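Reader: I am new to this structure. Please take one part and look at it closely.

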Amino acid sequence: MSLLDRLLHREGLHSLAAPYALDALERAERHRFERHLANCGRCAAEVRALCEDAVRLAWSAAAPAPPALRDRVLAAVRNTPQDPAPTGRNTPREPARGHASRLPGHVWGTEPPPARTRAPRSRPLLVPFATATAAAALVVAALFAVQAERTRDQLDAQRDRAREIAHVLAAPDARGTTGHDARGHGLGVIASVAEGRAVVTLSGYPSPPRGRVRQLWLMRPGAQPRSLGLFAGDTPLVATGLGRSAVSLAVTVEPDGGSVQPTGQPIVQLALKSAGFGE
Amino acid sequence: MEADELLVLVAGGDQKAFEELYGLVCGPVYGLVRRVVRDPAQSEEVTQEVLLELWRSAARFDPARGSALSWVLTLAHRRAVDRVRSARAAGERERREALRAGTPAFDHVTEEVEAGLEREWVRRCLARLTALQRQSVTLAYYDGYTYREVAERLSLPLGTVKTRMRDGLTRLRQCLGGVA
């Protein structure tokens with residue numbers, strides 16, 4: 001298949017996004033489209049938005065259910081075993097909560113967000129020195145506690161990271177801030193302007209789908225987002241080289257190995273102003 | 001409690017949480033299924049299947065991908081469409097229904113159901129679409145036709161129908177104020 005054919009083929013599949021959102025594909029076509037979706041960040045974001053539009057159509061049809069249905073369903077539930085949780089999520093829809101595949105400037109910190117944004121509520125929280133040190137002790141303890149079975153190399157890497165984390169947390173100007181999305185998932189940051197470093201943790205998020213990772217980005221005015229690294233499980237990430245102009249941090253879901261630039265909208269974003277940045 | 005939190009409890013086998021969740025979703029699910037399937041007895045059957053599936057597969061719900069209610073309604077819509085298509089394939093669906101399906105769905109489903117605020121908004125916003133956008137969207141979503149069938153009914157090329165569907169949904173989004 002030539003490059004042009006392949007591009008045309010892809011465009012053909014892209015155009016199925018709206019019929020897919022409306023459940024207007026035949027079964028075989030639907031499966032083919034879902035396979036394509038798993039590898040196409042651009043259409044996944046679009047499909048997601050279109051599916052949400054379709055759900056609006058569903059809402060408008062709401063009608064009272066027959067009262068007898070309740071007893072029948074509840075009785076059936078008592079006698080129906082549940083399926084176990086899936087081990088890996090390989091469903092095709094993009095986990096990023098974005099609506100548009102083209103990212104508006106405010107998303108990446110180059111413009112102030114509009115009033116009606118879904119950016120997380122930022123709850124500034126000054127971390128006094130003593131708290132930061134206590135937090136550091138906790139993080140270090142947690143990191144070492146689970147390492148008994150790791151290899152020597154991994155242990156060394158973990159120890160280096162723990163040292164880095166402790167270093168940031170112990171900085172005299174270390175300050176913390178947290179943000180939560182509407183579902184209570186959070187992004188926590190303890191940062192030191194003097195060190196230009198931050199310890200970043202995600203909390204409450206389920207594992208990303210198979211083949212995808214969470215990537216942390218630094219947002220600065222008038223500049224492209226810069227990758228600060230990939231999250232591995234719940235392990236805190238140490239971000240370095242944060243200049244005073246750092247406006248905010250954002251997390252996106254990217255294909256394994258990460259991306260050069262974000263391909264979807266952030267799942268959570270956090271302003272760094274209360275941590276002393278953004279000047 | 002909200003549907004998202006309830007669904008997490010349901011995934012852990014909590015029947016009380018399921019009862020509460022039932023109260024939140026049964027109306028939207030039944031209404032949607034009824035709109036697509038039409039026949040009341042079959043609609044009840046499909047609704048029951050959907051709610052049981054909700055119980056069974058609650059652990060598959062991934063909050064990172066959208067709200068619990070969207071998930072349930074997406075599931076319900078797919079089941080309703082499956083039912084209506086197999087009924088059509090079996091020739092059960094009456095011919096007169098097929099004939100009148102050429103007009104916008106929201107015009108002829110006026111039986112039952114109270115007019116909620118959301119319904120009124122969607123109705124107004126649908127009315128602002130072009131006739132082809134509206135017909136493409138509603139024939140697919142409320143009547144369960146594939147886009148090929150929609151193209152045949154409206155005597156339009158496939159590409160045009162796909163574009164009308166996308167433009168219709170996008171304009172609907174703008175009219176309804178973007179984020180749900």
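Author: What follows is a close look at one strand and its partners, with a word on confidence. The model is predicted.

Now the partners. Strand S5 of chain A covers residues 212-219. Eight bridges join S5(A) to S8(A), and the two run antiparallel. A:Arg214 stands opposite A:Val253 of S8(A). Strand S9 of chain A covers residues 268-271. Four bridges join S9(A) to S8(A), again antiparallel. Here A:Ser248 has A:Ala271 in S9(A) as its bridge partner. In a regular strand, side chains alternate between the two faces of the sheet.

How far can the chain be trusted? The mean pLDDT of chain A is 72. In this chain, 69% of residues reach 70 or more. Among its elements, helix H2 (residues 17-21) has the highest mean pLDDT, 95. Strand S1 (residues 121-125) has the lowest, 40. Over residues 89-131 of chain A, pLDDT is below 50. That stretch still has 117 contacts in the model beyond near neighbours in sequence. Residues 138-149 of chain A are also below 50. This second stretch has 13 such contacts. Where pLDDT is low, the predicted coordinates should not be read in detail.

Note on methods. Residues numbered from 1 in each chain as written. Chains lettered and ligands numbered in written order. Predicted model: local features only at pLDDT ≥ 70, side-chain atom pairs only at ≥ 80, totals over all residues. Heavy atoms only, no water. Pairing = 2+ DSSP bridges. pLDDT = per-residue confidence, 0-100. Contact = heavy atoms within 4.5 Å.
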